[in-house]
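Hello,

Here is the structure I promised to pass on to you. Please open it beside this email and follow along as you read.

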Amino acid sequence: MSDASCSMTETLCITPMVESDIPHLARLEAMCFSSPWSEEGIREELQNPNAVFLVAKRAGMVLGYLGFYHVLDEASIANVAVFPEARRSGVASALLQAAVDYSYRRGIARMTLEVRPSNIPARRLYESFDFEEVGQRRRFYTKPDEDALILAREFMSDI
């Protein structure tokens with residue numbers, strides 16, 4: 001993805017992941033997830049033509065990221081993570097907006113994700129972007145064990 005949501009006057013930039021972002025994302029993964037991706041696992045996504053990893057930066061500092069997969073007219077968000085000191089400052093919203101904008105531009109019909117039922121802040125964020133619960137995945141999460149809610153957003157075509 002060559003699109004970037006950044007200019008010299010903006011304080012928050014959303015750009016595609018590059019090699020130099022990987023150590024920061026791996027550290028963030030380890031802070032946020034019970035089964036974090038390794039640096040090598042993240043690096044492999046740079047070569048995956050279906051992977052879209054967006055990184056939020058301010059003054060060159062990585063604040064968070066969102067990774068999703070785009071296959072034909074569907075997208076699936078794998079991870080959204082923001083460093084604790086940058087939470088509640090609009091970083092996750094900006095990342096999600098960039099993913100939604102990408103989806104509109106590429107003709108994606110549906111975007112899905114999984115979220116812990118106990119993660120109320122994330123659920124509220126996704127609901128504010130018109131994601132709706134469409135199902136559950138039993139025993140999806142570990143440490144602690146928890147089901148996942150499947151959320152989806154349908155994109156209207158311009159027909």
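Let's start with a single residue. Valine 134 counts as partly exposed because its relative accessibility is 46%; buried means under 20% relative accessible area, exposed over 50%, and partly exposed in between (1.4 Å probe, protein chains only). You will find valine 134 in strand β6, residues 132-141. Helices here are DSSP runs of H or I with at least four residues, strands are runs of E with at least two, and both are numbered from the N terminus. Leaving out residues up to four places away in sequence, valine 134 touches Arg110, Ile150, Leu151 and Ala152, where contact means heavy atoms within 4.5 Å. Isoleucine 150 is 16 residues away along the chain, yet the C-alpha atoms of valine 134 and isoleucine 150 are separated by 5.7 Å.

Before going on, a word on where this comes from. This is a predicted model, in which local features need pLDDT of at least 70 and side-chain atom pairs count only at pLDDT 80 or more, while totals for chains, interfaces and linings use all residues. Residues are numbered from 1 along each chain as its sequence is written, and side-chain values use heavy atoms, with hydrogens and water left out.

Now the whole protein. It has four helices and seven strands, and along the sequence they follow the pattern β-α-α-β-β-β-α-β-α-β-β. The C-alpha trace spans about 45 × 40 × 30 Å along its principal axes. How does the radius of gyration of the protein agree with that of a compact globule? With 159 residues, a compact globule would have a radius of gyration near 15 Å, and the protein has 15 Å, which agrees. That radius is taken over C-alpha atoms, and the globule rule is 2.2 Å times the number of residues to the power 0.38.

Of the 159 residues, 41% count as buried. Among contacts between residues at least 6 apart in sequence, 57% join residues at least 24 apart.

Next, the inside. The largest nonpolar core has 31 residues, and Phe68, Tyr126 and Phe131 have the most contacts inside it. A nonpolar core is a set of buried Ala, Val, Leu, Ile, Met, Phe, Trp, Tyr and Cys residues joined through side-chain atoms within 4.5 Å. The elements that give two or more residues to this core are β2 (51-58), β3 (61-71), β4 (74-82), α3 (91-106), β5 (110-115), α4 (120-128) and β7 (146-154). The largest share, seven residues, comes from α3. Tyrosine 126 touches Val80, Leu96, Leu113, Val115, Phe131 and Leu151, not counting residues up to four places away in sequence. Apart from this core lies another, of 13 residues, among them Ile22, Ala26, Leu28 and Phe83.

Is serine 103 buried or exposed? Serine 103 counts as buried, because its relative accessibility is 0%. Serine 103 sits in helix α3 and, leaving aside its neighbours within four places in sequence, is in contact with Ile108, Met111 and Phe155.

Two loop residues are worth a look. Alanine 59 has a positive phi of about 50 degrees although it is not a glycine. Its place is in the loop between β2 and β3, and alanine 59 counts as exposed, with 84% relative accessibility. Aspartate 130 also is not a glycine and has a positive phi, of about 70 degrees. Aspartate 130 lies in the loop between α4 and β6 and is exposed, with a relative accessible area of 52%. Leaving aside neighbours within four places in sequence, aspartate 130 is in contact with Ala152 and Arg153. Aspartate 130 and alanine 152 are 22 residues apart in sequence and 8.2 Å apart in space, C-alpha to C-alpha.

Glutamate 40 counts as partly exposed, at 43% relative accessibility. Glutamate 40 and glycine 135 are 95 residues apart in sequence and 32 Å apart in space, C-alpha to C-alpha.

Happy exploring!
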